[in-house]
Amino acid sequence: MLVIENLVGGYGETDILTGIDLTLAAGEILTVAGTNGAGKSTLAKAVVGLLPRMSGRILLDKQDITRVPVEQRALKGIGYVPQVANVFGSLTITENLEVVEGVKNTRARIAELFELFPAIAERRRARASSLSGGERQQLAFARALMTRPGVIVLDEPTAALSPIMADESFRRIGELARTGTAVLLIEQRARQALAISHRGAIMDAGKVALSGPAQTLLVDERAAQLYLGVAHAS
Ligand SMILES: Nc1ncnc2c1ncn2[C@@H]1O[C@H](COP(=O)(O)OP(=O)(O)OP(=O)(O)O)[C@@H](O)[C@H]1O
């Protein structure tokens, strides 16, 4: 579904990503973990088309999208929920969903997403500015799903959430993948993320330092050191 080949790039002259190779199949969850500054968010930006400078190749369904601009990548099926939820505060929850472009049968899709996200459904006429951090995250997630993307990139979706809400979010991500969506999941809660993932990649200094089946990485001492920055995974 998504193939990343020898991805190098950054914001200015310095390379932040120094050669990333990753693949993601339909229905698969790939956790990308790593310490702060490893380049995880930069990788997310490169995939969705927001990194100012990059070389290498990104293929979506075998089509080269490396030079395709961000809006068109979204229309081609790459959804994105950035670290800071991007919702329109002055619009209501329903309006935030209505303004998403490229959706077939908007009303029906909104109804489906309200079933998936009951907390925001209850508040559908409220302005998004009145939502809590967690609800905002749900609305941003729902907005990204409006177009039924084949691939979704989630940048630390549980960062602002309580442990209970994070559990709920991981459950929802698992369900989404079971419907065939490919999920690139960037997470600080690496152990929980790996537990619902098929594969994992641990980044260090702009590279993938370790990758493999999620269950293997969960018990790998070196992986734990890299994603937790400690000597032993407790
Ligand atoms: N907009 C930007 N302009 C210039 N440099 C940036 C920008 N965003 C990030 N960087 C730099 O790129 C490097 C990697 O940052 P990135 O946000 O990708 O790391 P990360 O692994 O996602 O970390 P975190 O877990 O803290 O979010 C850092 O050195 C950071 O300072």
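Predicted model: local features only at pLDDT ≥ 70, side-chain atom pairs only at ≥ 80, totals over all residues.
Local features require pLDDT of at least 70 and side-chain atom pairs pLDDT 80 or more, whereas totals for chains, interfaces and linings use all residues. Residues are numbered from 1 along each chain as its sequence is written.

**Overall fold**

The protein chain contains ten helices and ten strands, taken as DSSP runs (helices H or I, at least four residues; strands E, at least two) numbered from the N terminus. The radius of gyration, computed over C-alpha atoms, agrees with that of a compact globule because the rule of 2.2 Å times the number of residues to the power 0.38 gives a value near 17 Å.

| Property of the protein chain | Value |
|---|---|
| Radius of gyration | 17 Å |
| Span of the C-alpha trace along its principal axes | about 50 × 40 × 30 Å |
| Buried residues (20 or more other C-beta atoms within 10 Å of their own, placed from the backbone) | 42% of 234 residues |

Leaving aside residues up to four places away in sequence, Val-183 touches Ile-29, Ile-152, Leu-154, Ile-173, Leu-176 and Ala-177, a contact being C-beta atoms, placed from the backbone, within 7 Å.

**Ligand surroundings**

Residues around the ligand (C-beta atom, placed from the backbone, within 6 Å) include Tyr-11, Ile-16, Lys-40, Ser-41 and Thr-42. Helix H1 (residues 40–48) gives the largest share of this shell, three residues.

Technical notes:
Contact = placed C-beta atoms within 7 Å. Buried ≥ 20, exposed ≤ 12 C-beta atoms within 10 Å, placed from the backbone.
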